Amino acid sequence: LKRAAVLASAVKGRHTHVPGVITERSAEFTLVFPEAPSYETDGELRRAQTATLAVSSCPSALRVVVNS
């Protein structure tokens, strides 16, 4: 239920105020878990191969178009 509440608040742009949500700006970061975590990317559930997950962004990789 907690995950659903966080996702619902993210849709409204209010997730940064949810307890337990931490926001940081970085081109890359590493997350270390007690065991290999499950995670979601592009709507697909995946399982990491190790307990350490490296995340990096690709600047300008995604073009976002909004209707003004």
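**Strand pairing, surface and overall form of a predicted model**

Threonine 41 has glutamate 44 as its bridge partner in β3. Strands here, like helices, are DSSP runs numbered from the N terminus (H or I over at least four residues for helices, E over at least two for strands). The structure is a predicted model in which local features need pLDDT of at least 70 and side-chain atom pairs count only at pLDDT 80 or more, while totals for chains, interfaces and linings use all residues. Residues are numbered from 1 along each chain as its sequence is written, and side-chain values use heavy atoms, with hydrogens and water left out.

A second bridge joins glutamate 40 to leucine 45 in β3. In total, β2 and β3 pair over 4 bridges, in the antiparallel sense. Two strands are taken to pair if DSSP finds at least two bridges between them. The two strands form a hairpin, with 2 residues between them. Aspartate 42 lies in this loop, between β2 (38-41) and β3 (44-47). Its phi is positive, about 50°, although aspartate 42 is not a glycine. Most residues other than glycine have a negative phi. Aspartate 42 is exposed, because its relative accessible area is 80%.

Salt bridges were then counted. The criterion is a side-chain nitrogen of Lys or Arg within 4 Å of a carboxyl oxygen of Asp or Glu. By this rule, the model holds 2 salt bridges. One is formed by arginine 47 and glutamate 35, with an N to O distance of 4.0 Å. This pair links distant parts of the chain: arginine 47 is in strand β3, glutamate 35 is in the loop between β1 and β2, and 12 residues separate them. Glutamate 35 is exposed, because its relative accessible area is 56%. Another salt bridge connects glutamate 44 with arginine 46, with the closest N and O atoms 3.6 Å apart. Glutamate 44 has 46% relative accessibility and therefore counts as partly exposed. Arginine 46, at 36% relative accessibility, is partly exposed as well.

Phe29, Leu31 and Phe33 make a nonpolar patch of about 240 Å². Patches are made of residues with over 30% relative accessible area and no salt bridge; like charges are joined within 9 Å, and nonpolar side chains (Val, Leu, Ile, Met, Phe, Trp, Tyr) within 5 Å. Leucine 31 belongs to strand β1, which covers residues 28-32. Its relative accessibility is 32%, so leucine 31 counts as partly exposed.

Helix α1 spans residues 2-11 and includes alanine 10. Alanine 10 is partly exposed, because its relative accessible area is 33%. Serine 9 is also found in helix α1. With 12% relative accessibility, serine 9 counts as buried. Beyond its neighbours within four places in sequence, serine 9 is in contact with Arg14, His15 and Val18. Contact means heavy atoms within 4.5 Å. Alanine 10 and leucine 62 are 52 residues apart in sequence, and their C-alpha atoms are 19 Å apart in space.

At the level of the whole protein, the model has 1 helix and 4 strands. Their order along the sequence is α-β-β-β-β. The radius of gyration is 14 Å, well over the 11 Å that the globule rule gives for 68 residues, so the protein is more spread out than a compact globule. This radius is taken over C-alpha atoms, and the globule rule is 2.2 Å times the number of residues to the power 0.38. Along the principal axes, the C-alpha atoms fill a box of roughly 45 × 30 × 25 Å. Of the 68 residues, 7% count as buried. Among contacts between residues at least 6 apart in sequence, 22% join residues at least 24 apart. The accessible surface comes to about 6,500 Å², and 55% of it belongs to carbon and sulfur atoms. Accessible areas come from the Shrake-Rupley method with a 1.4 Å probe; for residues, only the protein chains shown count as cover.

Terms used: Buried means under 20% relative accessible area, exposed over 50%, partly exposed in between (1.4 Å probe, protein chains only).
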